[in-house]
Amino acid sequence: MAIPVVNLADFLSGDPQLKQAFVNQLGKAYEEVGFVAVKNHGIPDELIADLYKYVQQFFALPAETKKKYEIPDLAGQRGYTSFGKEHAKGSDAPDLKEFFQFGQIVDDNDPVKSEYPDNVQVSDVPNFNATFTRAYRAFEKSGKALLQAIALYLGLDEHYFDKYIHNGNSILRAIHYPPITQEPKSAIRAEQHEDINLITLLVGASADGLQILTKQNEWVPVTSLPEQIVVNVGDMLQRLTNNKLKSTTHRVVNPPREMWNTSRYSIPFFLHPKSDMSLACLESCIDDKHPKAFPDATAGEYLDERLREIGLKK
């Protein structure tokens, strides 16, 4: 399935017609599909290449070395999480993956800093943390522009989301799905799920496998070109918009048998607001046909609930 493709350069062009066309395209895609591919997204190719290079070096380290970076008290929010710890909401089967999480760096004396654990410093892969820091900021910048377009589509001020995502609780997650060495119990590497956050930006997974569930209840593979990133709506944005924008169910399936001996790497950026942002349904998204579907909650309350559901928090 070719998901809709949008050109972020149109939004940033300074041309009012191109900008409005982008807003309309993005909004329509998020109402109907929940996923888009974005070209001219502003994240440099060489930065993406470096990110994948260092991620592959990290996951190739011996298990006991990686374990040094697994801090149980952090509930997977920073550093390394070993194989089989996380599962999808409603599923007991652990996902067949290990991952590393890198979070917000607050450098402007914002008191929100006290809410975030420090990032885990990886000494065994030179340039690892510096590259993650650069990538994190690049993803934030692209995500901010996309949320400005979403705000306009919803009839809000263009900068509605800016203050909530500045120093927000966003996560850059590097995932490794190891080679399959025996007949798997399931065809699924990561069970079907929806993302928790506002939007997710995914840069070029190293192998196919991502599928989304269509409105016709069919699983279809998602592919994007190398110069595109895939961006989908998360549950927080669906909740805020009272189901107007769709958080689409997706999963990662195993490769064909002849590719079992290969690893899959994937680096999503989960764009979160600060924990005190209200996710109460926007008044403009509530009417007689669409009564309010969710109770009021803050982003922090909702995140906490979901982390417990997927097994990362006890």
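## Burial and overall form

A residue is buried when its relative accessible area is under 20%, exposed when over 50%, and partly exposed in between (1.4 Å probe, protein chains only). By that rule, buried residues make up 54% of the 314 in the protein. The model is predicted: local features need pLDDT of at least 70, side-chain atom pairs count only at pLDDT 80 or more, and totals for chains, interfaces and linings use all residues. Residues are numbered from 1 along each chain as its sequence is written, and side-chain values use heavy atoms, with hydrogens and water left out.

The protein has eight helices and twelve strands. These are DSSP runs, numbered from the N terminus (helices H or I, at least four residues; strands E, at least two). The C-alpha trace spans about 55 × 50 × 40 Å along its principal axes.

Contact means heavy atoms within 4.5 Å. Among contacts between residues at least 6 apart in sequence, 79% join residues at least 24 apart.

## Helix H3 against H5

Helix H3 (residues 45–59) and helix H5 (residues 128–153) have axes that come within 10 Å and cross at roughly 135 degrees. H3 is therefore oblique to H5. Angles under 35 degrees count as roughly parallel, over 145 as roughly antiparallel, 65 to 115 as roughly perpendicular, and the rest as oblique. Axes are lines fitted to C-alpha atoms, for helices over the stretch in contact; angles run from 0 to 180 degrees between N-to-C directions.

H3 contributes Leu47, Asp50, Leu51, Tyr54, Val55 and Phe58 to the contact, and the H5 residues include Phe128, Phe132 and Phe139.

## Helix H2 against H5

The axes of helix H2 (residues 16–32) and H5 come within 9 Å and cross at roughly 85 degrees. H2 is therefore roughly perpendicular to H5. On the H2 side, Phe22, Val23 and Leu26 are among the contact residues; on the H5 side, Leu146, Ala149, Ile150, Leu152 and Tyr153 meet them.

## Two loop asparagines

Asn40 lies in the loop between strand E2 (35–39) and H3. Its phi is near 50 degrees, positive in a residue other than glycine. Asn40 is partly exposed, at 47% relative accessible area.

Asn217 sits in the loop between strands E8 (210–213) and E9 (219–221). Its phi is near 65 degrees, also positive in a non-glycine residue. Asn217 counts as exposed, at 59% relative accessibility.
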